[in-house]
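Please keep the sequence and the three-dimensional view side by side while reading. The paragraphs below go from a sheet to the domains, and then to a helix and some loops.

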Amino acid sequence: MRCVTAILLSFLGCGGAAAAAPPVIHHAAQIVLDPQTHEVRIVDRLTLPPGLAALTVGEGLVVEEITGAPAGWQPRLVEDEQGRRQVIDLGPLGLDQGGQAVLSLRGVFHQPTDQVSFSRENVGGEITATIGEEGIWLSSAAGWLPGADGALHTHDLTVTAPAGFVSVTQGRREVIAPDVTRWVADHPSDGLNLVANRFVVHEEPVRDGVTAYTFFLEDDADLRATYMERTRAYLAMYEEMIGPYPYAKFATVENWFPTGYGMPGWTLLGSQVLRLPFIPTTSFGHEIAHNWWGNAVFVDAGRGNWCEGLTSWSADYHYKELEGPEAAREYRRNLLKDYYAYVKDPAADFPLRDFKSRHSGATRAVGYGKSMMVFHMLDRQLGRERFLAGLRRVYAERRFTRAAWDDFLAVFGEAGGFEPAAFAAQWLERTGAPVLALGRVEFADDQVAFVLQQAAPPYVLDVPVQVDGKDGPRLHRVALTEREQRFTLPADQPVRLAVDPDYDLFRRLHVQEVEPTVSQTLAEEVPNVVCGDPALVQAARAFGEAFTDGRWFNLLENGRPPRDLPPGAYQSNLVINPAPAVAAEYPRPELTVAGRTLVLEGRRYSLDEYDLVYAAANPAQPEVTDLVIHCGSAARLAALGGRLGHYGKYSWLLLPAGQGRVLRGNWAPAASPLTAAR
Ligand SMILES: [Zn+2]
C-alpha cells in the first residue's frame, strides 16, 4: 500500500523500500477466496529476475509447495524490522539466476473489524487480512503474495470469489465469469492489496484508455455522480499539471470498516468517510494525486520521503490556491502553527531527509508541513512555470521507478538560479527552522531602513518584506545570509513594514504570531484534566482518555489548575466548568461568560443550548495553551474528548447541545514582532 490516510485530518504515510533500479517480479496468480472457511488459496506463477537472494511470504501463509523444493522443505521464519516473515532462499532452489517458479500458498485470516475506529493516530485500525461473509480484505502488509526486499511487482491475477462477491485490486478489469475476474497490472508497484464484497459496480469512460469506477456497498446515484465528477476533474487537473495518468482505471471503493487508503488506480474509503461532505473536494483529490507522486514515481525511502509534501502541494494546497491568495496564505500559516505546536521540543524535531512516515503530530508537521513548505519555497524561487516544468520532467523520467529529493533538486538546479547542495543542506539535512527577528527600523520620507536578525549558523533566505507607503503596499525581497544584516528599501512616505507577512518562509513563528488554538493542547505530552465537580469526574476521565487518544494525562479533581510551578514545567490544562475565579484567569476580549449566558464576538448564546470550548494562554506561562470547557452534560463531556481532534485549528467552538452545526472561529493573533509602524 502506497499510502494510508486518516482522511478526516488528511494524514497520510507512504511506504517504500531501498535503492534505485529495483528488480521486478511478475505474478501470474490464481486466487480463490472462501469467506465461509475464511481461507485464501493461491497458486502464483512467478517470473523472477536474476539476482534475487530470497523471497518473503507473510507469517500467516502456509507455503504448500514451491517448484524444485525437496520433500519436507520448509521456509525459514525470521523477524527483522519488517516484522515476522517467512523466507524462501532462492540459491538452494537454483532460482537466484532468475526464471520461473510456482508457489502454492494458503492462509486463513479472520481479523475482527467491528471494533475498528478512526482516530487521529490509529489509521484504519491496521487490519492486514480478513476473509469473511462481511467482506474480504488482503493488504500487502499481510505478505499474501511473495515479495522480495526492494523488489517491485507486476500482476496478472485471476480471482475467484463466491457468488455475489466482486473483487477489486489494481490493474485492468476483465470479467471472465460471474464469480471470476481477471486483473492485469502491467506497471510495477511495490505491493498488492485486494478487497472483495457485494459491490454494486458502475463504470464510465474518462478518456481513451481510462475508465472510472465506483464499487459501492449500496447503490447511491447522487454519491456516485459526485465521485465520478470529481474523478474526471482531478484526472484532468493532474494530467495538465504533471503528465498522463499512468493507469487504466480509477476506482472509488466503499469499505465496510473504516479506512482511508490510496493505492495505484484505486482508493478504499470506509462507508462513513465516503459520505462526509468535504471528502470529495479534499482528501479524495490528495489520494488521486498520489497516483503521480508515490504510486507512479516511487519514494526511495532510504533517501527521504518527499512524496507527502509534494502531494500536499499538488492537492490540498493547490485547491486553496484556486480558492484565492487569502486561503493559500491561511493554509501556509496553519502549517507553521502546527510546527510551532507539535515540534516545540527540539527532541521531537528531525531533518526532513529522515522522514519516512507519519506516526505523530511532530512527524506530520515535518514530513507533511515542512516538506510542503519546502516545495512552496522552491516554487517561489524558481517561478511557477519553471517549477512545474521541473515536476513534469521528474515524472516523465522517473515513472515506475524510485526518486529521491536529490532527483528533484538536480532537475531544478538545471533550470538555473538555484544551488541544489546548499538548498539540501539547510532544508533537508538540518533540523529545525529559522527564527527571524526584526531589529531597529528607521522610517524616512523616501526610504525605510531595518535590521534583520537570525540565530547562528545563519540560513540563506529570500525574505519577503512588505512596505506600506503613499502608493499602497509594496512587496520586496531581501537576501538574508548573515546573522544580522541591515537593509534599506526605497519607499514613498513609508508608514509600516512587515517581514514575511504572508508566511512564505518555513520558519518558527513567534508566540505573538500564534493565537491560542485547540491543537496546541492536543500536542501536549501529559495534559491536566481539571474538574472540580464530583458529578462530572467520571465523564472528565473519559474525556481525558479520548482527548489524549489513550496516552497519559493527570486528572485534577480539585478544580484548580496548578500554579507556582518553575518556568517550563507547565503543561496544558483542560479546565472543565471552571469556578468564576478560575475562569477569570483566562480573559479574552472577544468573550464574556455571565451565568448561563455568553457573548462571543458580539453575539449572545445560551450555555443551555451550546457547550463552549476555547483556547487561552496559560496565566503563568503564555507559551502554554490551556483549554476552557463549559459543558452542561456528563454524556456530552465524555464524547467531547474524541471530537476536539477534528477542530484543532480553531480557537473556540460552540457545540450545540442538540442537533446542529458546530460554530467555530479563531482569536486574532497579537501584533507580530516582525512588523513595525512609523
Ligand atoms: Zn498522502
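In what order do the four strands of the open sheet with antiparallel pairing run? The order is β10-β11-β16-β13, where strands are DSSP runs of E of at least two residues and helices are runs of H or I of at least four, numbered from the N terminus, and where two strands pair if DSSP finds at least two bridges between them. The model is a predicted one, in which local features need pLDDT of at least 70 and side-chain atom pairs count only at pLDDT 80 or more, whereas totals for chains, interfaces and linings use all residues. Residues are numbered from 1 along each chain as its sequence is written.

Within this sheet, β10 (129-132) and β13 (166-168) stand at the edges with a single partner strand each, so one side of each is left without a neighbour in the sheet. Strands β11 (residues 135-138) and β16 (residues 194-197) are joined in the antiparallel sense over three bridges, and A196 in β16 is the bridge partner of I136.

The protein is divided into domain 1 (3-114 + 125-295), domain 2 (298-429), domain 3 (436-509) and domain 4 (518-665), with bounds that come from an automatic or database domain assignment. Between the centres of domain 2 and domain 4, taken over C-alpha atoms, there are 35 Å. Five residues from domain 2 and four residues from domain 4 take part in the contact, which is counted when C-beta atoms, placed from the backbone, lie within 7 Å. On the side of domain 2 that touches domain 4, the largest share, four residues, is supplied by helix α5 (residues 325-342).

Helix α13 (residues 634-643) has L637, A638, L640 and G641 as its buried residues; a residue is buried if 20 or more other C-beta atoms, placed from the backbone, lie within 10 Å of its own, exposed if 12 or fewer, and partly exposed in between. Seen down the axis of α13, these buried residues fall within an arc of 150°, so they line one face of the helix. Their cover includes α11 (537-547), β32 (573-576) and β36 (610-617).

Some loops deserve a look as well. D564, in the loop between β31 (554-556) and β32, has a positive phi of about 60° although it is not a glycine, and D564 counts as exposed because it has 6 C-beta neighbours inside 10 Å. E601, in the loop between β34 (597-600) and β35 (603-606), is likewise not a glycine and has a positive phi of about 45°.

Definitions and conventions:
The arc is that of the directions from the helix axis to the C-beta atoms. Two residues are in contact if their C-beta atoms, placed from the backbone, lie within 7 Å.
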